[in-house]
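Subject: Structure for your review

Dear colleague,

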Amino acid sequence: MARTKPRLYRGFRDVFAADVLARNRMINTVRQVYERYGFVPLETPAIEYVEVLGKFLPESTQPDGGIFSLHNEDEEWIALRYDLTAPLSRVVSMYPELPRPFRRYQVGPVYRFEKPGPGRFREFYQFDFDSVGVPRADADAEICCVMADTLEAVGIQRGDYIIKVNDRKILNGILELTGYNNLDKIVEGDIPIGPAKGKPYRRQITSDDIFRAIDKLDKVGIEGVELLLTGGRLDESGDYTPGCELSDDALEKILGYLNAKKDSRKEVCDLLAETIGDSEIGKEGVEELRTIDSHLTALGYDESRVIFDPTVVRGLSYYTGPVFEGELTFEVTDESGNSKSFGSVFGGGRYDDLVKRFTGQMIPATGASIGVDRLLAALKHLGRIDTKSSTAHVLVTVMDKNFRTEYHKLAHSLRQQGINTEVYMAGGNIGKQLKYADKANIPIAIIAGDREFEDGKLQIKDLWLGRDLSEEVEDRETWRTERPAQFEINADELLENVKTILNQYKLL
RNA sequence: GCAACCGUAGCUCAGAUGGCUAGAGCGCCUGACUGUGGAUCAGGAGGUCCCCGGUUCAAGUCCGGGCGGUUGUACCA
């Protein structure tokens, strides 16, 4: 009979103890920060109606790519949530009795039907917090504070991260200045360069594509952005991306805007105010940034933590005002040996129109979201994660089956004192049991047979110490006869001995 | 979606121009005191060489198609 082959669906993964434990710890830390600001927990289902999730039903009969969707029994489209913000906006419009402002946090898996990459999965955790019902920019300033506090709480040092802020209204203002704010045209022609040279292309270009191009600054550099805004760009795989074919004048304005980088937030605001000229929407954006700046400054969140950066776009999404990006700035080397900064782990912004699609009324909201797994990867990289893969701190070994009850009683008494204790339940000699403890990363083993029980003694073994000592032991004989890191103790002194060892490993 | 590269043991890979009974390191299992982790030593298990078809006396190796993976790019809430 053909057996079933165990396999994982592309982009999904199993997560084992060490990683789950580390993630739980991190989530706990983050939760404490969110709660310190008064955010309250919310849980929503993983599945929602497609139209609730957002703009994924064009006029076609199928939801857009990018999400996991299926038909329900009534032939309606439902889908796995791809973020936690759309469900929040549904909740806000479904329960008008909720207190406003509604400030909630939510953590859980979200799903995206995209090509997975290294560290990029189709199921991953996000940890969001949002303020719904607050139009004022001090709410945005608060988001920045929470972001900074959170990153520091989980162990990212000041200087190893930066919160970057921009405002969509300013971006829109710039677009307005260039005259391309309602851009919608078809560009077509023959690919001018590369392996596919001569092949015809045809592409619809809208204002969004200008943002898209700007958003790629990190990836393709300023020259790349320039190409994307003008004639088009050939990437290293030989793929050609048609450009926006902007005028020289417009290009110049955009590039000038992207250069409005200064060390101080105030200077950036001044520079942007100058660049933005008479654009009403642009001026509004600058005012918002000024308000955020003054709040942050008053609270002592200076440019070492939060800066204004005109190049931040944050995708296309639903953002309507300030946008935030929490970036880790320390360098990492990828597998091809290039060093680059770790990148963004925290993102968000103001989205004043998101609830409107349900209720018709504008309900302002602002918030941010942690890419939990990416942040976890960063902490691992920094060595700020202990990778314990066990919950047991003590393994009671079974040397003599006749004493099985005794072993369980020993374990029970330790548990009652709050010590996580496991009794070895499978068969096998002592060596096998110690190997198990070693592999499971359990720090202490207790060994006892008839000799010990007769004398009221126990053998207690510090396995982690033994592991270190073993590096100096040359031959098998001394290892076995000396039994490093193993002590005989009186049975009634077990608890204090266990505690002493666990304290050394900071496990209590 | 498009493009390039890749697919041999659980993992990392070796197997010039077609000629094997397909190998190595690591890992895994057993043993070296039936009361002790590591190192060492001695054994052992483990492969339809991704799948299907073609060329050939002969295919892990060449050709076609599929599937899967990696990377880049597009999209990205």
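Domain bounds come from an automatic or database domain assignment. For chain A, this assignment gives domain 1 (17-46 + 81-178 + 246-381), domain 2 (184-242) and domain 3 (394-504). The centres of domain 1 and domain 3, taken over C-alpha atoms, are separated by 50 Å.

This is a predicted model, in which local features need pLDDT of at least 70 and side-chain atom pairs count only at pLDDT 80 or more, while totals for chains, interfaces and linings use all residues. Residues are numbered from 1 along each chain as its sequence is written, chains are lettered from A and ligands numbered from 1 in the order in which they are written, and side-chain values use heavy atoms, with hydrogens and water left out.

Helices and strands

Helices (H or I, at least four residues) and strands (E, at least two) are DSSP runs, numbered from the N terminus. A residue is called buried under 20% relative accessible area, exposed over 50%, and partly exposed in between (1.4 Å probe, protein chains only).

In helix H12 (residues 372-381), the residues Val372, Asp373, Leu375, Leu376, Ala378 and Leu379 are buried. Just after H12, glycine 383 has a positive phi of about 70°. Leucine 151 belongs to helix H4 (residues 137-153) and counts as buried because its relative accessibility is 0%. Leucine 151 and isoleucine 370 are 219 residues apart along the chain, yet their C-alpha atoms are separated by 9.7 Å.

Tyrosine 95 lies in the loop between helix H3 (85-94) and strand E5 (102-111). With 36% relative accessibility, tyrosine 95 is partly exposed. From tyrosine 95 to isoleucine 193 the distance is 56 Å, C-alpha to C-alpha, and the two are 98 residues apart in sequence.

Surface charge

Patches are made of residues with over 30% relative accessible area and no salt bridge, where like charges are joined within 9 Å and nonpolar side chains (Val, Leu, Ile, Met, Phe, Trp, Tyr) within 5 Å. A salt bridge is a side-chain nitrogen of Lys or Arg within 4 Å of a carboxyl oxygen of Asp or Glu.

Which residues gather in a patch of negative charge on the surface? They are Glu51, Glu73, Asp74, Glu75 and Glu76. Glutamate 73 is found in the loop between strand E3 (69-71) and strand E4 (77-80), and its relative accessibility of 70% is why it counts as exposed. A positive surface patch is formed by Arg451, Arg476, Arg480 and Arg483. Of these, arginine 483 sits in the loop between helix H17 (476-482) and strand E20 (486-490) and is partly exposed, with a relative accessible area of 46%.

Backbone geometry

Most residues other than glycine have a negative phi, and most peptide bonds are trans. Glutamate 75 has a positive phi of about 65° although it is not a glycine. This residue lies in the loop between E3 and E4 and is exposed, with a relative accessible area of 58%. Arginine 314, also not a glycine, has a positive phi of about 65°. Its place is in the loop between strand E12 (306-308) and strand E13 (322-333), where arginine 314 is partly exposed at a relative accessible area of 23%. The peptide bond from arginine 100 to proline 101 is cis, with omega near -5°, and proline 101 is located in the loop between H3 and E5.

Yours sincerely

Conventions:
Accessible areas come from the Shrake-Rupley method with a 1.4 Å probe; for residues, only the protein chains shown count as cover. Lys and Arg count as positive and Asp and Glu as negative; His and the chain ends are not counted. The place of a charge is taken as NZ of Lys, CZ of Arg, CG of Asp or CD of Glu.
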